[in-house]
Amino acid sequence: MIVAQRKPFAEIKEMLQGYNKVLNVGCGTCVSVCLTGGEKEVAVLNTELEMARRLDDDPIDIQGHTIERQCDREYLAELDSIIEEGKFDALMSMACGVGIQFLAERYPLIPTFPAVDTSGLAVNQTVGWYEERCRSCSQCVLGFTGGICPITMCAKRLLNGPCGGTNKGSCEISNDQPCAWFRIWERLSGQGRLDSIKKINTTRGWKDQAPRNLMQPGYKKPEKMVK
Amino acid sequence: MSTETHFNSESNLEKVLKSGQFAFTGELGPPRGTDVEEVKEKAKFLKGNVDAVNITDNQTAVVRMSSWAASLILIQEGLEPNYQMVCRDRNRLAMQADILGGSALGIRNMLCLSGDHQQFGDHPDAMGVFDIDSTQLIAMVKQMRDEGLFLNGNEIHQPPKMFIGAAANPFADPFEWRVHRLAKKIEAGADFIQTQCIYNMPKFREFVRLANEEGLTEKVYILAGVTPMKSVGMARYMKTKVPGMDVPDEIINRLKGVEKDKVAQEGINIACEQIEEFKEMKGVHGVHMMAIEWEHMVPEIAEQAKVLPRPVFS
Ligand code: SF4
Ligand code: SF4
């Protein structure tokens, strides 16, 4: 899933300076699961903002609404009437970067602010701990690395690791960070597949250096975008 | 040795190794500023005492005068640089450009490295490039040199001449993998290897034994890395703080066992004993002396290690 972290409160407060009627939009999918931007977190942030602004003698009218998925037009449409009636002078989103942009795009006349920092495609290791696993590089190498991603989990994105810095199974950057290549080696030796990394992995062309679009075969862009 | 059939890079280091003599290389860290005199001062101690001098490339991810620029100062001073290039700071365009530029101005050796992660350095928030890795860099230099082709396959008008070096750390985990990684770097095109600083001799012997067994030492020249310990504190720091470094307690105890003002000399004694052993070790073709910020001691160390005079080729 996509994970995100709430921005520091001071930064959020600073962004909303000068806006007095705000709608904070949560998302019920990934950011909700990682305990960052669901209904509950929207309510908490709103309360904090209200209190802080009251203390500043600059009250804010902040409302919350959480939709199922902010990256989906169908669910975003739910907001049309609320936003029309509410006459908000700013929107805030607690969805991932994709959701925030989709929200901003739907209401281009209203300033939209992010309340979270989107920080990767991660697995839920234990409650509250999310470990990044994929940088969506458009060129998956998991087939020869035993299902462990060096693009994401090796601090140097090496394709012929492990480097000389690996330290008792940890990465040179920290004892708490496992060395991806050590793990790759371990897994492949367990499978009797070390040959897979004995070959030189040649230079790769990075496929994520320009904006990407995915168009499935048989589909095409519509002549005119519908809202 | 198969390297004999390789392209002649005009490198002095290559000549020393090909002539079957025991090589002795040094190291110099460029200044954190524009002081040419500082480079010349350090170079003075190395001149005549080593076959080539590694010029570090933003070592430990700390900004310094660029390694090719410091390499050129060395050439002007009559020394031969071994231009280090890390994958952390440049993409493939910048790397190839610097290889061409370096070669055009007389650089004949290169050491291809991944580079320490930027998190250790003085700009920890920098973007780490790592467009290609060290193995791929070796292959790229080799292709540029031997095939006269850029990485993309386009022709180079007057290809670069380089004696290609790579690093090996026999002490990093997993130990069993280290010989395979060495094999990969050789296959990629490394002509010579400089190892991580060696303190754990039994482990290094085992590494070389495995490399001999795999026939790798017939295909590449191996220079054993040596860094004399200046103090007990340095030994402790290397043991606990430097990733991939293996400092056995015996070394620390031996340093602790001598009077305080004799610790540095004891460090040099240990280094010289190691060098004596390397001279006799099958599969080791030289020593890389990394006397970090201790360049002025190199003449003395070289003398005591009995590696002088260095060979001269007309
Ligand atoms: S290689 Fe890694 S970053 Fe690329 S798609 Fe596969 S898991 Fe994701
Ligand atoms: S220690 Fe392992 S994970 Fe860290 S940079 Fe080196 S190979 Fe990559």
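Two strands pair if DSSP finds at least two bridges between them. Keep that handy for the exercises below, and remember that this is a predicted model.

**Exercise 1.** Work out which residue Val123(A) stands opposite, and how the strands around it are arranged.

*Solution.* 
- Start with the strand β6, residues 116-126 of chain A. Its pairing with β7 (residues 129-134) of chain A is antiparallel and runs over 5 bridges.
- Next, look at the link. β6(A) and β7(A) make a hairpin with 2 residues between them, and in the turn Gly128(A) has a positive phi of about 90 degrees.
- Finally, check β1 (residues 2-6) of chain A, which is antiparallel to β6(A) and joined to it by 5 bridges. Here Ala4(A) faces Thr118(A) in β6(A).

**Exercise 2.** Describe how chain B meets chain A: how many residues of each are in contact?

*Solution.* 
- Count first: 30 residues of chain B touch 30 residues of chain A.
- Then take the area. The two chains bury about 2500 Å² between them, with 54% of it on carbon and sulfur atoms.
- On to the polar side: 23 residue pairs are in polar contact, counting pairs with both at pLDDT 80 or more, while the salt bridge count between the chains is 0.
- The largest share, 8 residues, comes from α6(B).
- Last, sort chain B's touching side by type: 10 nonpolar, 10 polar and 10 charged residues.

Methods:
Residues numbered from 1 in each chain as written. Chains lettered and ligands numbered in written order. Predicted model: local features only at pLDDT ≥ 70, side-chain atom pairs only at ≥ 80, totals over all residues. Heavy atoms only, no water. Contact = heavy atoms within 4.5 Å. Buried area = accessible area lost by both parts, 1.4 Å probe. Salt bridge = Lys/Arg side-chain N within 4 Å of Asp/Glu carboxyl O. Polar contact = N/O pair within 3.5 Å; in protein donor to acceptor, adjacent residues only side chain to side chain. Helix = DSSP H or I, 4+ residues; strand = E, 2+ residues; numbered from the N terminus. Nonpolar A, V, L, I, M, F, W, Y, C, P; charged D, E, K, R; others polar.
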